[in-house]
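Colleague: I'd like to learn how to read a model like this one. Could you walk me through it?

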Amino acid sequence: MPRACSIPLCLTLCAIFFCPIAPAASEPAWVEIHSPHFTVITDAGEKKGREVALRFEQMRAVFALLLSKERLNQSVPLTILAFKNDKSYYQVAPLHQGQPIGVPGFFLLGEDQDFIVLNLFEDEPWRAVAHDFAGMLLNYNYPPAQGWFDEGLAEYFSSIHVDNKQVELGGDPELIPSLTQDLLSNQRDTHPPKSLTELLGAQVWLPLPDLFTLKHDTSARNQGTHHTLFYAESWIVMHYLLHEKKLPETGSYFDLVLNRHVPVEDAIQQAYGMTSGKLEQAVKDYFHSQTALLTAVSAARQTNPDAASARPGQSYRFKVPVGPDDLAISSKPFPEADERALYAEVAIRIPERREVGLQELHALATAPTAADKKFESKNQEKRPGEDPDLLPTNAIGSALAHRILAWDHIEHGEFDAASTELSDAAALNQRDMWLRYYLSVLKYRVAKSKLADIQGLPNMMLDLKAVLEWYPEMADAYDLLALARNEGGSTPSAMQAERAAIGLSPRNEMYMYHLAQIYVASKKWDASQVLLDRLKGSSNPLIVALTRDLVERAETERKYGIPLGAGSLPQAKLAQQKSPFDVLEEDAAKRAAAESAEKSADPEDKRATKFAKGNLVRVDCWQPPVAILTVSAEGRMLKLRTQDYKSLLLIGADDFSCDWKNLSVTVNYKPGGPANGDLVSLELR
């Protein structure tokens, strides 16, 4: 949740509350901008979209410089939705005390992907999300640290100003001018809270050991004010450490405190080579030397609106690490239906906007698109681009809306509904790699909810490998791949995948817990103990409870030799697995069978019988006595269905077998139904 501060109620905002969620169709077309690390969707035109992408690439490069890193991880895909006007932005912005937040940008974190939403009507709206942007990059690129480090670095970074030539950093990010002036030159006193500079100049500082040990709930950072001594002192400490190039010493300090459990005072002495008192005095001396900060406060408190509105004094300026000519940025039109679906996706991730967003998504998922109508008018057997080996689909509506609804159902544990939406989304757009990731998540969560084995394990691994080829930095795909490999009995490759996940998201304690599980399964007791000892001190109650349970089970296995989880459930069988989308095809087949049953009032089947010779590739009997035979014939794959294989007319065999494969066959079938056709007879040659 972004930082929330209320804005005055005005007639404009009152009016937009009652507007539909999607922007009006008369607005300019939307465009999709792709830079090396970001996707920007905007209605402000290609030029503005390119500027947004460039600014975030520049901010990312500056953050890498601060951490002295050559490259940064982006372990969760990030999409930036940028609106050209207030109206569209305030319709979807989170509410604070019943009104939209007053900042021109907000950040939404998700398990699958993150979103940044901007109001381009305001100047430099990307600066409004700089604090949260820094926090995100820290999570993916820096080991676990303490609250003062995270918040101090994020505050320092949030002062950033960047253009095509220069970067400015180091100003007071919480300095608000005493006067503002609107477009009609009307002045208003803002009665601002004290800035960080003013807080440090007017109060007794916290002793550094107290600051360093202070517990800070970063999950609530956007709900409260940053105008506190904790933020002020954390900010200036990081200001000092960055200027004095002491990040390596700071890394040593965290290793001593968090990994070796050395007391804070001793860790400061060992890491920085001075006592906490001397380090605190060095920071204070540094603060008093920053005359630009004090000058900026004086200007902000002037009654001259021009002086008050000047940008706060920045301590450091340097050339941009990335310029407009250094990036390959592409653009393409973004479909109107997809724009509405994306807008609604953001809405359903904000509690107070959720219901309106769901209504829009359901409308998009059930309303025929232009392609649907064209397909129906031509009475085609296949949609353009549809897999020729599968049946024509009855799915309609926006594929993106179906996919978004599928993830929402997964998040809420509604797995049957999620499977249906994934089936429809896959029928409409099988090339969407998100579907393979969501299907893998669905399989894992279904198994977890039932305390059962993961179904379709080999194909889940294939799906995840394809996802990682598409997005190589997706940490959660590596984590799921590790869990699948571990369940399949390949613990060395499971360790490799889980370590990759941790490398991409070093602060994710669930990944560490999963690695501990893999170590226990492979009887690496010492390695598991190191991780479990670290996880015992987690601030997350769920992690603590899971760790306690794993410690007990590991001790039992080590003492008595009982395999972890032995005797609870049968192990997964890895033979004869289904194709990546078979779970979805099963659901479609069930619905088609139900529709067929409803129409069975007319028992006469008037379909012409067809004949084919080919090779029987495999037989799937996942719902006996129904069977699906995959037959390669005349250069194509046929999926032929029999309602009851026990009563199927067989030639050349006495009994039907679900284990048949790679056999020469002759088939008679009636085209159509829930597969490519219904079997009439099967001859083994």
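Predicted model: local features only at pLDDT ≥ 70, side-chain atom pairs only at ≥ 80, totals over all residues.

Colleague: How many helices and strands does the chain have?

Modeller: There are 26 helices and 19 strands; these are DSSP runs numbered from the N terminus, with helices being H or I of at least four residues and strands E of at least two. Of the 685 residues, 50% count as buried, meaning under 20% relative accessible area with a 1.4 Å probe, protein chains only.

Colleague: What should I look for in the interior?

Modeller: In general, nonpolar side chains in soluble globular proteins tend to be buried together. A nonpolar core here is a set of buried Ala, Val, Leu, Ile, Met, Phe, Trp, Tyr and Cys residues joined through side-chain atoms within 4.5 Å. The largest one has 83 residues, and Phe56, Phe133, Trp148, Phe157 and Tyr253 touch the most other members. Helix α8 gives the most to this core, with 11 residues. Apart from it lies another core of 57 residues, including Trp407 and Leu439.

Colleague: Which residues of α10 are buried?

Modeller: In α10 (residues 264-272), they are Val264, Ala267, Ile268, Ala271 and Tyr272. They cover an arc of only 100° around the axis, so they sit on the same side of α10; that arc is taken from the directions from the helix axis to the C-beta atoms. The buried residues of α10 pack against α5, α7, α8, α9 and α11, where contact means heavy atoms within 4.5 Å. Tyr272 is also among the residues that Trp148 touches. Just after α10, Gly273 takes a positive phi of about 70°.

Colleague: And strands? Where does β16 find its partners?

Modeller: Two strands pair if DSSP finds at least two bridges between them. Strand β15 (residues 626-633) joins β16 through 7 bridges, running antiparallel, and Val631 has Leu638 of β16 as its bridge partner. The two form a hairpin with 2 residues between them, and Glu634 in the turn has a positive phi of about 55°. β16 also pairs with β19 (residues 677-684), in the parallel sense over 2 bridges; there, Arg641 is partnered by Asp678 of β19.

Colleague: Is β16 mostly covered or mostly open?

Modeller: Mostly covered: 5 of the 7 residues in β16 (residues 636-642) are buried.

Definitions and conventions
Residues numbered from 1 in each chain as written. Heavy atoms only, no water. Lists of a residue's contacts leave out its neighbours within four places in sequence.
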